[in-house]
Amino acid sequence: MSKKRLITAGAGLAAALVSLTGPAFAGWDGINMTPGVTELSARIYHLHMLILWVCVVIAVLVFGAMIYSIVRFRKSRGAVPDTTIVHSNKAELIWTIIPVFILVAMAIPAAKALIVIEDTRNSELTIKVTGYQWKWQYDYLDSGVNFFSTLAESSNFARQRGSGIDPNTVDHYLLEVDHHLVIPVDTKVRLLLTANDVIHAWWVPAFGMKKDAIPGFVNELWIKSHETGTFRGQCAELCGRDHGFMPIVVDVVSKEDFAHWVETHKPAPEAVPAAPAAEPAAPAAEAAPASATKS
Amino acid sequence: MATSHAHDSAHAGHHDEKPYGITRWLFTTNHKDIGTLYLSFACIMFFLGGVMALLIRAELWHPGLQILDPVTFNALTTNHALVMIFGAVMPAWVGFANWMIPMQIGSPDMALPRMNNYSFWILPFAFVLLLSTWFVPGGAPAGGWTLYPPLVLQGGDGLPMAIFAIHLMGASSIMGAINVIVTIMNMRAPGITLLKMPLFVWTWLITAYLLIAVMPVLAGAVTMLLTDHFFGTSFFSAAGGGDPVMFQHIFWFFGHPEVYILILPAFGIISEIIPTFSRKPLFGYESMVYATASIAFLSFIVWAHHMFTVGMPLAGELFFMLSTMLIAVPTGVKVFNWTTTMYKGSLSFETPMLFALAFLFLFTIGGFSGLMLGIVPADFQYHDTYFVVAHFHYVLVPGAIFAAMAGVYYWLPKWTGHRYNEKLGKWHFWLSAIFVNVLFFPQHFLGLAGMPRRIPDYATQFTDWNMVSTIGAFGFGLSQILLLIVVWQCVRGGEKAPNRAWEGAHGLEWELPSPAPYHTWETAPDVATIARGAEH
């Protein structure tokens, strides 16, 4: 009996936890995916919530049936087994076919979203993103703006073992870089992803998309943010010692601000502020994070 | 009388004495001894892998780097996975297979006893080789257990050692699998047709075919890493015209069937235990067999769902999404069949049943998150986050590991001849079941909130759930000491267990005395014994 209570309590707790992830708490980004700020991230979020709720409903039914049997057919309550129930074509057919329909119903919106996600045509701005151990390089192919983006010094100091600095006192600990990627709002931005040494993955949760940056490959993803602001993410593919220390920070700014930003960051015809775009090969040894580069 | 007859046949042969001392274990060709060796080895590796996990969780208690440097952290995640998969779960299943398959199909031993000995004794060497990488220049492999190039090729002297260790583990697994197949195909007692075999035997038969199919693929993949690193080939190097993504395709062509190698024997054990404690035959036996076979088949055509973010063509993503979702159908059939087995049964809740029920609930949760991960657009968010970590730990810990524990408690009376301490067993269960959820459920939240996996340090907003998870980890880890105590006590002594240790148990193993004599079924069980075993 105490077991029963424990089981029901456990089920209740699980249900409560699941309900917390519902749309009512979507703003509580501590425990759920966020709808993000792009068309794709919103679609992905809604797809995620749809599957989640389908799973919750199935779970309530299946777990309900299990709990019913556990509570109702206890030997301690004098239950007598009905050993004739060993097989039923009808039941087995039903619970084979119904899931197929549910799956098809989930696959259709998923496939539709996927088709939109993979359509990188008609982009208005192209940025080449190159992953290094352990930093990112951004190369605006249209305007020639080109820079590296490395973990901010404040985080880099605090994260050293025995630094004595409480991470809670550091602004955006591990999610701040020296040079932000800047993109315009309401513009279809295409990112071309590649890497110089090992595989990395570029991921900003608010944009919904994650894609691997692979040496020798050029992958594509697109972003069209409908909000301005600063959005943060991280490398998402294990890339060695400082995999956890190569964040991504993106400023989405108005189109006018972006045009201004490009003007001030364009390489002057003679002076070259960063390594030339075509020759970014920084030896892996120099890429060590301790040398928080000034680009 | 069932008892006297079984006793006769068990002792009809010449002897029950066994060699003493260390040579008994070194040279044994007895399936029960080898089963014990496998299970003991798995237990040691389970605790070793567990200590690695606790170090990882201790570092993740708080943001900032406290006890580990990032390279050691990466080496720990890599080795935790390799030790748990190849050292704990797989050998545990081979241990169960050795102990139970001959007894369940009325065979005197495994078909190839000498190879049986060999396949076990390779394992300690393989793991000494793997673990000694911690002491060589360059340290232990730290590129993740998936060994993706080019990162893995940055490893030091540990890399070739780890590769040879994987070769050895693969050889051991293949030999074990061949032994299982040959035994099941050739040594069933007359009258035990394929569709009369216990489900544990069925799931192992299918698992063995999976092993033979994919372990050589893994061996090939790691050998290509070896030649890329030392002999100037460029299989996976873009600079030399190779393709780093090809490694991922080859690896996961092994890796996905491997996932089912880890879980199918668990399905078999659960299918033995739930009917026993429901006092009712398994519902839909044949559909269980077909569902297992379907899962095994599908496991070969879903591999790329582990790598949706590498930039596949749309058609490829759609294919792997749909094939992955299909797996939910046979898996659902299994869950529904287990649930219906309990319906109108007469349930009691001894420790094996408790673990089996926890498996049923928690494995299903892992199934749900698996389905979510299969939806490609959503996977673009979930991929390589703690959501994935939560998913595969739900199917492996309260999935595979709980099933192994259920199996240990279920068959301990048969193995040792004693009843284990039920009260301690239940303590072990409740602590494990509670803490495993404290440990892994919050990891869903962490993943959805944006925490990548395989990072030694994290942004401060992830602190709370990481703390909860770490508390769960230490609670779960410490609870496992109870398992050691229960098993130790039970081996040493205790109330005498009857032949049929569980009222509702069915199957040939329960027709044998407890403890099972050193040699069993030297004469194949007759039709009456088989019928008696089946009718329960």
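**Strand pairing in chain A**

Guide: Strand S6 (residues 200-203) of chain A and strand S9 (residues 229-235) of chain A run antiparallel and are joined by 2 bridges. Strands are DSSP runs of E with at least two residues, helices are runs of H or I with at least four, and both are numbered from the N terminus; two strands pair if DSSP finds at least two bridges between them. Please keep in mind that this is a predicted model, in which local features need pLDDT of at least 70 and side-chain atom pairs count only at pLDDT 80 or more, while totals for chains, interfaces and linings use all residues. Residues are numbered from 1 along each chain as its sequence is written, and chains are lettered from A and ligands numbered from 1 in the order in which they are written.

Now zoom in on S9(A). Its Cys235(A) is the bridge partner of Trp202(A). S9(A) also pairs with strand S10 (residues 247-253) of chain A, again in the antiparallel sense, over 6 bridges. There, Arg232(A) stands opposite Val249(A) of S10(A).

Stepping back, chain A is divided into domain 1 (2-77 + 88-117) and domain 2 (125-265), with bounds from an automatic or database domain assignment. Between them, 8 residues of domain 1 of chain A are in contact with 11 residues of domain 2 of chain A, where contact means that C-beta atoms, placed from the backbone, lie within 7 Å. The domain 1 side of this contact holds 3 nonpolar, 4 polar and 1 charged residues. Here Ala, Val, Leu, Ile, Met, Phe, Trp, Tyr, Cys and Pro count as nonpolar, Asp, Glu, Lys and Arg as charged, and the others, Gly among them, as polar.

Chain A has a neighbour too: 80 of its residues are in contact with 75 residues of chain B. Among the helices of chain B that each supply at least two residues to that side are helix H4 (70-105), H8, helix H11 (328-342) and H12. H11(B) gives the largest share, 8 residues. By class, the chain B side has 47 nonpolar, 20 polar and 8 charged residues.

Ile270(B), Ile273(B), Ile274(B) and Phe277(B) in H8(B) face Pro352(B), Met353(B), Ala356(B) and Phe359(B) in H12(B). That contact comprises 8 nonpolar residues, with no polar and no charged ones.

Terms used
Contact = placed C-beta atoms within 7 Å.
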